[in-house]
Each structure stands twice: as C-alpha cells, then as structure tokens.
Amino acid sequence: MSSALDRLKNLTAQISSYELERKSNLKTLEELYQKLGIDAKVEHFDALFEFKAINLSGLSLADEDLGAIKEGKYAQIIAIIYDKEAKVKNKNISLAYYGRAEKLSPEQKNEIISFVLGWRFEKSFRTLEHYHNLLAHLKSSATA
C-alpha cells in the first residue's frame, strides 16, 4: 500500500511542478512577446496560440547546438498558420525580424530562443487539453 501511496504523492508533486512551471513560462513568454516586438504583429497575446507552429531562422534550436548562429542567415521568428480553405494550406508569417544572426547580442539571442521554446512548451499543454476535450466529447457522444 505504501508504494502506491508514494507513487501517487510523486505524481501529484510532478503535476504541481508542471503547473508552477507553466505559470512561470506564461509570464516570461508574455514579457518576451512585448520586449521582442511581436505584439506589433499579433495584437493579443492569446492569439499566438492559434498558430500551428512557431519556428526560428538564423539560430539553431537543435539539441546538439542550441543557439548556434547560422552564418549569413537572418534571425527571424516565423509563425505557421494553417488555412484549410486556401490552395496552399500552410502559410508562413514573419512575427519579428532581427537582421543578421551574427550581429545579435548574446542577451537578444537568448531572449529570441527562450520565446520560441516557451511558446512550444505552452502550445504542447494547450494541444494536450484540446485532445483531452475531444476524447471526452467522443466518450460522451458514444454513451448518448
């Protein structure tokens, strides 16, 4: 019985930890949204999560070389929107442009990367909630 209780305590602590981290991430993300000038392209903070994805050009997001500058490339935060009505379903939108990647200050580079990673972190939670709601809807319609 004790091991089941310990597992439950550990799981509860982990869920609580994720919620605290998520709240902190959202606060930081909203600050970066304004500081990086993304609010000029996306008027409302919550509208950021309507994008299918957000990518980065000019800087690496790969595990093995996170933050590495891609020489000769321009640093830019790019959002991808999906329009099922359009001929071309995926459309790229520049959210912010920062010039040549090698001219970024270390602080600016870290803020840009933090924004993209923070957005992906929050988007994963929202996607999880979306699929959880779809499954609940499916289950309720199956019993009706």
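Which residues form one aromatic cluster? In this predicted model, the cluster is made up of Tyr 33, Phe 45, Phe 49 and Trp 119.

A pair of aromatic rings is described by the distance of the centres and the angle of the planes. The count of aromatic pairs comes to 6. For Tyr 33 and Phe 45, the ring centres are 5.3 Å apart and the planes stand at 70 degrees, and because planes over 60 degrees apart count as edge-to-face, this pair is edge-to-face. Since Tyr 33 belongs to helix H1 (residues 2-35) while Phe 45 lies in the loop between H1 and strand S1 (53-57), the pair ties together parts that are 12 residues apart in sequence. Both Tyr 33 and Phe 45 are buried.

The rings of Phe 49 and Trp 119 are arranged with their centres 6.2 Å apart and their planes at 0 degrees, so that this pair is stacked. Here the link is between distant parts of the chain, with Phe 49 in the loop between H1 and S1 and Trp 119 in helix H2 (residues 106-143), 70 residues apart. Phe 49 and Trp 119 are both buried. Elsewhere, Arg 100 lies over the face of Tyr 74, at 5.3 Å from the ring centre.

Turning to H1 itself, this helix has 34 residues and reaches 49 Å from its first C-alpha to its last, which is close to the 50 Å expected at 1.5 Å a residue. Its buried residues include Arg 22, Asn 25, Leu 29 and Leu 32, together with Tyr 33 of the aromatic cluster, and H2 is among the elements that cover the buried residues of H1. After H1 comes Gly 37, whose phi is positive, near 80 degrees.

The strands form an open sheet of 3 strands in the order S1-S2-S3, with antiparallel pairing. S1 and strand S3 (90-100) are the edge strands, each of which pairs on one side only, and neighbouring strands of the sheet are turned by 20 degrees against each other on average, direction ignored. Between S1 and strand S2 (residues 74-82) the antiparallel pairing runs over 5 bridges, and Asn 55 stands opposite Ile 78 in S2. H2 packs on this sheet, touching S1, S2 and S3, and its direction makes about 160 degrees with that of S1.

Note on methods
Residues numbered from 1 in each chain as written. Predicted model: local features only at pLDDT ≥ 70, side-chain atom pairs only at ≥ 80, totals over all residues. Heavy atoms only, no water. Phe/Tyr/Trp six-rings, centres within 6.5 Å; stacked < 30°, edge-to-face > 60°. Helix = DSSP H or I, 4+ residues; strand = E, 2+ residues; numbered from the N terminus. Buried < 20%, exposed > 50% of the residue type's maximum accessible area, 1.4 Å probe, protein only. Lys NZ or Arg CZ within 6 Å of the ring centre and 35° of its normal. Expected span 1.5 Å × (residues − 1). Contact = heavy atoms within 4.5 Å. Pairing = 2+ DSSP bridges. Axes fitted to C-alpha atoms, helices over the stretch in contact; angles between N-to-C directions.
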